[in-house]
Amino acid sequence: MLEYSQNIPQKQPLNLLKAFAINCHPDYRCLLFPKFLSDNMVRIAKQLPPINPQQLRDTFKKYDSNDDGFLSKAELENAFKSLGSHLPGWRARRALHHADANGDNSISLEELDEVVKYAMKHGYVLGK
């Protein structure tokens, strides 16, 4: 189940459309989900750019505004905002909680891999 602030993973919109088409009664499909909407959603879903961990890591590193090699909560918040988070402050706090192994309230380059895993797990992609 997706939470409100969570982005939809890349393949999920297309899978949702397929599941809807399979599970919906044919007589009601046009009333519930007009074909022109489903066609546009498929088009949008297919345009999401591919992403790999290195691209996401580079995106987070770009938000190290003071070039100290650490990401503060504010810098993480800006990074999550650029990735399309609805609640970037909350997402930054959760990422800090998840990845800040030494408890210094910042993310070092060594801890950044955990933030990347966290962001990928929650479906963040580039180009939103």
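Author: S106 lies in the loop between α6 and β2 (107–108), where helices (H or I, at least four residues) and strands (E, at least two) are DSSP runs numbered from the N terminus. The model is a predicted one, in which local features need pLDDT of at least 70 and side-chain atom pairs count only at pLDDT 80 or more, while totals for chains, interfaces and linings use all residues. Residues are numbered from 1 along each chain as its sequence is written, and side-chain values use heavy atoms, with hydrogens and water left out.

S106 has a relative accessible area of 12%, and it therefore counts as buried; buried means under 20% relative accessible area, exposed means over 50%, and partly exposed covers what is in between, with a 1.4 Å probe and protein chains only. Not counting residues up to four places away in sequence, S106 touches F70, L71, L96, D100 and E111, a contact being heavy atoms within 4.5 Å.

In soluble globular proteins, nonpolar side chains tend to be buried together. For F80, leaving aside neighbours within four places in sequence, the contacts are F60, S85, P88, R91, A92, A95, Y118, A119 and Y124.

F60 leads on to α4, whose buried residues are L56, R57, T59 and F60. Seen down the axis of α4, these residues fall within an arc of 160°, so they line one face of the helix; the arc is that of the directions from the helix axis to the C-beta atoms. Their cover includes β1 (70–71), α5 and α7. The N-terminal end of α4 is capped by N52, which has a side-chain oxygen 3.0 Å from the backbone nitrogen of Q54.

R57, although it is charged in the pairing described next, is buried because its relative accessible area is 16%. Its partner is D113, with which R57 forms a salt bridge whose closest N and O atoms are 2.7 Å apart; the term covers a side-chain nitrogen of Lys or Arg within 4 Å of a carboxyl oxygen of Asp or Glu. This pair links distant parts of the chain, with D113 in helix α7 and R57 in helix α4, 56 residues apart. D113 counts as partly exposed, at 40% relative accessibility. Side chains of opposite charge can pair when their charged atoms come close.

By this rule the count comes to 3 salt bridges. One of them joins K73 to E77, with the closest N and O atoms 3.2 Å apart, and because K73 and E77 are 4 residues apart in helix α5, they are separated by about one helical turn. K117 and E114 also meet through their side chains in a salt bridge (3.2 Å, N to O), and both lie in helix α7, 3 residues apart. K117 is exposed at a relative accessible area of 52%, whereas E114, at 31%, counts as partly exposed.

Conventions
Polar contact = N/O pair within 3.5 Å; in protein donor to acceptor, adjacent residues only side chain to side chain.
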